Amino acid sequence: MLNGEKKIARPLRWGMVGGGRTGQVGYKHRTGALRDGTYRLLAGAFDLDAARGRDFGINLGVAEDRCYATYQDFIAGETAREDGVEVVSIATPNFTHFEITMACLEAGLHVICEKPLFFSVAECDEVAKLAADKGLILGVTYGFTGHPLVHQMAAMVKKGMLGDIRIVDMQYTHGFNSGDDVGAGEAVKWRTNPETAGPTFVLGDIGTHLYYLSELVLPHMKIEKLLCDRKAFIQTRAPLEDHATVLTHYDNGARGRLWASSVNAGNMGSQRYRFVGSKASIEWSDAQPDQLIYEVQGEPNRTLHHGMPYLEEESLAVDRMGALHTEGLGDSWANIYLWIAQAIDARMRDDEAFLQTHHYPGIEAGTQGVRWLENCVRSAEAGAAWVEYT
């Protein structure tokens, strides 16, 4: 169980690009990073509006002279200081990720970036090479993949408790884009513009969470081919989609179905995962995050609760609240940030043995997410055709 005891020798000097007052995800980053004392927020370029960003940073406790107007100023200012930041979180719109990440890595800074990481696998490969050449860590934030019951599912699959996996059924939907975008905020407008969002809307915004979590639970299964059917119910969003269904064939013969939608009217936002094996099934949803449904063929259904001693060690090791209290999104983010901090600390100490066995969502995870999106777009643009996964 995690209880806040320090896991690295000292806090990492940390800064942010984006994540300001009007953003949707900045607080999630700070909630995760600051939970265990593994990061100390010292600087940032928090907003395109320099004055607003400065005011926001000061209210976060950042010194005024370290609240920068642009990410270029941020990099120049911090790399000129002996006590400058060591790691940067990028919480900006999709189209800026590649440019800012490359600049931070070139400056010798470790990076934690929002998803989807970049627009293409080619960009991911370029960043991966630069990070390797510089000896730097790149982490990616996939929100609920730090939750203890997600790691319970992965452990149950690995230990054969479900038997051979046959069916993968996932959905992440909400209804907050059911109406048109007239009068919508900037956070909606950039997500529905191909120039700023990239080649997808809901697939990249929320569908990629489903894909990565399934990779975490089912690392032994690889996609052979998929079919993606996507649609913009609000026509001004075309060619980007606000609704998509993806069918998947895996290399072990399993079949998958994924539904991502932001026009599920009335739905407040929910992720649901069901993994069906030859012996048993498991199901988990962030709507009831403390419970994992375990259904063994021919036996009464079980409801497993986080933090209980009957769970696998892989789950208990990342639990924070204990069984009596709720584990939520903030706790999951804290785990992700902790794992990335431990990777950065190990890299600084040249502890390659630790890195070989340490789990964290890094450049490979980000790259595979972009690869999945590329294949989905290729299928959709071919008329929702089956395509070989490349």
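The residues lining the second largest cavity of this predicted model divide into 7 nonpolar, 4 polar and 1 charged. Here Ala, Val, Leu, Ile, Met, Phe, Trp, Tyr, Cys and Pro count as nonpolar, Asp, Glu, Lys and Arg as charged, and the others, Gly among them, as polar. Residues are numbered from 1 along each chain as its sequence is written, and side-chain values use heavy atoms, with hydrogens and water left out. Because the model is predicted, local features need pLDDT of at least 70 and side-chain atom pairs count only at pLDDT 80 or more, while totals for chains, interfaces and linings use all residues.

On a 1 Å grid over the protein atoms alone, a cavity is a set of points where a 1.4 Å probe fits but cannot get out; a pocket is an open set with protein on both sides within 12 Å along at least five of seven lines, and lining residues have an atom within 4 Å of a point. Grid points are joined across faces, edges and corners, and a volume is the space filled by probe spheres set on the points. The structure holds 2 cavities of 30 Å³ or more.

| Space | Volume | Lining by class |
|---|---|---|
| Largest cavity | about 120 Å³ | 10 nonpolar, 3 polar, 2 charged residues |
| Second largest cavity | about 60 Å³ | 7 nonpolar, 4 polar, 1 charged residues |
| Second largest pocket | about 1,200 Å³ | 21 nonpolar, 9 polar, 6 charged residues |

Of the 15 residues that line the largest cavity, Met 170, Tyr 211, Ser 214, Ile 223 and Tyr 250 lie nearest its centre. S6, H9, strand S8 (243-250) and S9 each give two or more residues to that lining; such helices (H or I, at least four residues) and strands (E, at least two) are DSSP runs, numbered from the N terminus. For the second largest cavity, the lining includes Asn 94, Phe 118, Phe 119 and Glu 374, and H13 supplies the largest share, 3 residues.

H13 also gives the most to the lining of the second largest pocket, with 5 residues. This pocket is lined by 36 residues, and Tyr 212, Leu 216, Pro 219, His 359 and Tyr 360 lie nearest its centre.

**A buried asparagine**

Asn 375 lies in helix H13. Why does Asn 375 count as buried? Its relative accessibility is 1%, where buried means under 20% relative accessible area, exposed over 50% and partly exposed in between (1.4 Å probe, protein chains only). Beyond its neighbours within four places in sequence, Asn 375 is in contact (heavy atoms within 4.5 Å) with Leu 226, Val 387, Glu 388, Tyr 389 and Thr 390.

**Core and strands**

A nonpolar core is a set of buried Ala, Val, Leu, Ile, Met, Phe, Trp, Tyr and Cys residues joined through side-chain atoms within 4.5 Å. The largest one has 82 residues, and Phe 74, Met 153, Phe 275, Ile 282, Trp 284 and Trp 372 have the most contacts inside it. Helix H9 (residues 202-217) provides the largest share of this core, 9 residues. Apart from it lies another core, of 27 residues, including Tyr 39 and Phe 46.

Leaving aside neighbours within four places in sequence, Phe 275 is in contact with Met 153, Ile 167 and Leu 213, among others. Ile 167 stands opposite Val 276 in S10. Strand S6 (residues 165-173) has 7 of its 9 residues buried. S6 and strand S10 (residues 270-277) run antiparallel, joined by 8 bridges, whereas S6 and strand S9 (residues 255-261) run parallel, joined by 7 bridges; two strands pair if DSSP finds at least two bridges between them.
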